[in-house]
Amino acid sequence: MESCRIDLRPVLSVKARVVLVKDLYAGELTGYGLGYMAESNRKITILSTGYADGIPHTLSCGKGWVLIAGLEAPIIGLICMDQMLVDVTDIPDAAAGDVAVLIGTSGSRQITACDLAEQTGAITNEILSRLDGRLEKVPI
């Protein structure tokens, strides 16, 4: 039997807008329940998506990350229903209106549904089935 050699690549992407960029100073608290305390001065963003959109809550508190301008930015604090906080200290040009990639490609970096499943202890189909109708569908 011949093997099938089809070049399959992921086409799904999940993106969110950066709503706000703020400075967070050492010792300050932020996030749902004030659950994140900055150990040093940080630059953070608020993204316009959360667990109601299907983003696993278990990516909270540094377990997950997003891509902004092709760079990794860790999720800080607890993911809220329709928002999440991300540390962009290492992305100096991050600004409101930027696109954050939760699943997909940014620059030369990629986050797949398989990556999210691995980070959360789930399976890929669970990650994909959580993606909610609130997410805008854009055909490619």
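## Sorting residues into classes

Ala, Val, Leu, Ile, Met, Phe, Trp, Tyr, Cys and Pro count as nonpolar, Asp, Glu, Lys and Arg as charged, and the others, Gly among them, as polar. This is a predicted model, where local features need pLDDT of at least 70 and side-chain atom pairs count only at pLDDT 80 or more, while totals for chains, interfaces and linings use all residues. Residues are numbered from 1 along each chain as its sequence is written, and side-chain values use heavy atoms, with hydrogens and water left out.

## The largest pocket

The largest pocket holds about 690 Å³ of space (a pocket is an open set of points on a 1 Å grid over the protein atoms alone, where a 1.4 Å probe fits, with protein on both sides within 12 Å along at least five of seven lines; lining residues have an atom within 4 Å of a point; the volume is the space filled by probe spheres set on the points, which are joined across faces, edges and corners). Of its 23 lining residues, S13, V14, K15, E136 and V138 are closest to the centre.

Which classes make up the lining? There are 10 nonpolar, six polar and seven charged residues. Strand β1 gives the largest share, four residues.

## Strands around β1

Strands here are DSSP runs (E, at least two residues), numbered from the N terminus, and two of them pair if DSSP finds at least two bridges between them. β1 (residues 14–24) runs antiparallel to β4 (residues 42–47), with six bridges; V21 faces T45 there. β1 also joins β8 antiparallel through four bridges, with A16 opposite A100.
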